[in-house]
Amino acid sequence: MLLLLSQLHPEQLESKKLRGKMLGSLIHIQHNLERFVNIKHKPIAKALKHPRLSEHKWLYLSHKKIEESVSSRPNKQQLDLSLLFFESPTEPLFIVTDKYYAYGPLPVTLNSEEYQLFQIKALKAPAFLTRIKMLPFWLKGLAILLPSIVLSILFSRRLVAPLTELGKAAKKLAQGKLSARVTVPAKRHDEIASLMHDFNFMAERLSSSVHAHKQLLADVSHELRSPLTRLTLANAMAQDTQGTTQNGYLIRIEKEAKCLDQMLSDVLTLSRLEQNQQTLQLEEVSLDALMSNLLNDAHFEAEQKDRIFNSQPIPSITLICDGSLLNSAIENVIRNAIKYAQNHISVSFSQTADSLSIFVHDDGFGVTDEALIRLCQPFYRVSDSRNRSSGGIGLGLAITKRAVCAHNGKLILKHNTPTGLAAEIRLPL
């Protein structure tokens with residue numbers, strides 16, 4: 001860029017006013033030259049080469065007719081001295097060209113002819129270095145900044161583009177798309193290429209691990225449900241042939257078998273939701289159709305436990321959802337509230353332009369702040385009021401949260417006032 005800009009001034013690059021010793025020396029040469037030629041009548045060429053004048057100096061008398069100009073030395077470097085003539089009078093200057101310096105002009109009248117006196121200094125450095133050196137400061141700055149900006153953009157694009165692709169693939173992988181990979185450029189062998197290879201290797205290992213986990217769950221489901229089904233059938237047959245005493249034990253076995261079957265079903269449902277394997281059967285469902293039977297059952301169950309169940313009228317809203325999965329999620333929250341309430345359970349609704357909130361409040365003993373954070377973790381149970389004696393293995397709220405999240409919603413748990421737990425299921429409209 002500097003070389004390109006230096007070509008803007010291929011001949012004269014800079015000139016400034018001549019001052020100091022060089023100007024004094026040039027004036028001294030001017031006076032002596034006029035004395036040698038005009039008073040002592042020496043030839044101009046001989047006077048110009050006089051040792052007192054031209055020792056270690058290259059003097060040049062420029063004439064308006066270039067062929068009549070006189071030099072104290074032969075022009076071996078083929079310098080363009082035609083630049084050294086000014087039609088109008090000018091003050092002495094320090095002139096810089098790409099191949100030499102020149103000091104002058106000083107007007108000299110020799111034998112009634114007008115000349116301009118210059119002292120010349122040929123440059124040994126390459127011409128382009130001189131041109132670059134004498135470029136204006138702002139032009140040098142432009143020559144540095146412009147390529148820097150262009151190269152920075154090109155470099156950043158080369159650096160950022162693969163990182164952007166890597167980020168997109170990482171987001172897809174985080175969303176459960178295990179087939180997400182990045183394309184590594186064949187000609188790239190830097191650290192970023194190594195990172196992209198490592199990402200693909202990690203994604204491949206993760207995909208293999210998840211598929212192995214899915215296969216294990218499928219095998220466990222098959223292996224556990226088959227003997228459980230046979231156990232249930234055998235127990236039913238035994239109940240038909242045993243007496244009253246043994247029949248009580250067999251009924252207990254049947255109850256526990258059903259509980260085990262439900263636990264297994266919950267574990268598999270949670271696993272499918274966590275791995276995004278649960279296929280949502282989306283359809284338009286009115287909120288009334290989704291919750292009316294559920295609220296009636298909850299009201300009946302609360303009466304059986306001598307608790308008061310209040311519910312606001314169901315809003316006339318249509319949701320696009322998996323009705324079965326969402327119904328199960330809401331039911332988990334309501335049954336959870338009935339189970340742990342002391343006297344009162346309430347269900348209310350709130351609607352905005354883009355969301356619906358279902359609030360479930362109970363007046364139970366509540367939970368600690370630490371337990372509140374962990375309530376939606378699989379297999380977590382609170383040690384005092386919400387413990388194993390009241391049933392469950394700690395999967396209900398975990399399944400609810402993941403089912404609501406599968407519908408792009410939120411499950412928010414808070415402390416109720418003055419006691420108990422407040423749950424909010426927020427769904428997009």
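The legends below describe several close-up views of a predicted model. Residues are numbered from 1 along each chain as its sequence is written, and side-chain values use heavy atoms, with hydrogens and water left out. Because the model is predicted, local features need pLDDT of at least 70 and side-chain atom pairs count only at pLDDT 80 or more, whereas totals for chains, interfaces and linings use all residues.

**View 1. An open sheet of five strands with mixed pairing.** The strand order is β8-β10-β11-β13-β12, where strands (E, at least two residues) and helices (H or I, at least four residues) are DSSP runs numbered from the N terminus, and two strands pair if DSSP finds at least two bridges between them. At the edges stand β8 (308-311) and β12 (410-415), each of which pairs on one side only. From one strand to the next the twist averages 15°, with axes taken as lines fitted to C-alpha atoms, for helices over the stretch in contact, and angles running from 0 to 180 degrees between N-to-C directions.

**View 2. Strand β11 and its pairing with β10 and β13.** Strand β11 (residues 355-362) runs antiparallel to β13 (residues 421-428), and seven bridges join the two; S355 has P428 as its bridge partner in β13, and F359 has E424. The pairing of β10 with β11 is also antiparallel, over seven bridges, with Q351 partnered by L356 of β11, and a hairpin joins β10 to β11 through three residues. Six of the eight residues of β11 are buried, so this strand is largely enclosed by the rest of the structure; buried here means under 20% relative accessible area, exposed over 50%, and partly exposed in between, with a 1.4 Å probe and protein chains only.

**View 3. Helices α9 and α10 against the sheet.** Helix α9 (residues 287-304) packs on the sheet and touches β8, β10 (344-351) and β11, contact being heavy atoms within 4.5 Å; the direction of α9 makes about 165° with that of β8. Helix α10 (residues 323-340) lies across β8, β10, β11, β12 and β13, and runs at about 25° to β11.

**View 4. The largest cavity, with a volume of about 60 Å³.** A cavity is a set of points, on a 1 Å grid over the protein atoms alone, where a 1.4 Å probe fits but cannot get out, and its lining residues have an atom within 4 Å of a point; the volume is the space filled by probe spheres set on the points, which are joined across faces, edges and corners. The structure holds one cavity of 30 Å³ or more. Ten residues line the largest cavity, and V333, N336, D362, L421 and A423 are the closest to its centre. At least two lining residues come from each of α10, β11 and β13.

**View 5. Positive phi at H41 and S112.** H41, a residue other than glycine, has phi near 60° and lies in the loop between α2 (21-39) and α3 (44-48); at 63% relative accessibility, H41 counts as exposed. S112, which is not a glycine either, has a positive phi of about 65° and is found in the loop between β5 and β6, where S112 is exposed with a relative accessible area of 71%.

Notes:
1 Å grid on protein atoms, 1.4 Å probe; cavity = no way out; pocket = protein on both sides within 12 Å on 5 of 7 lines; lining within 4 Å.
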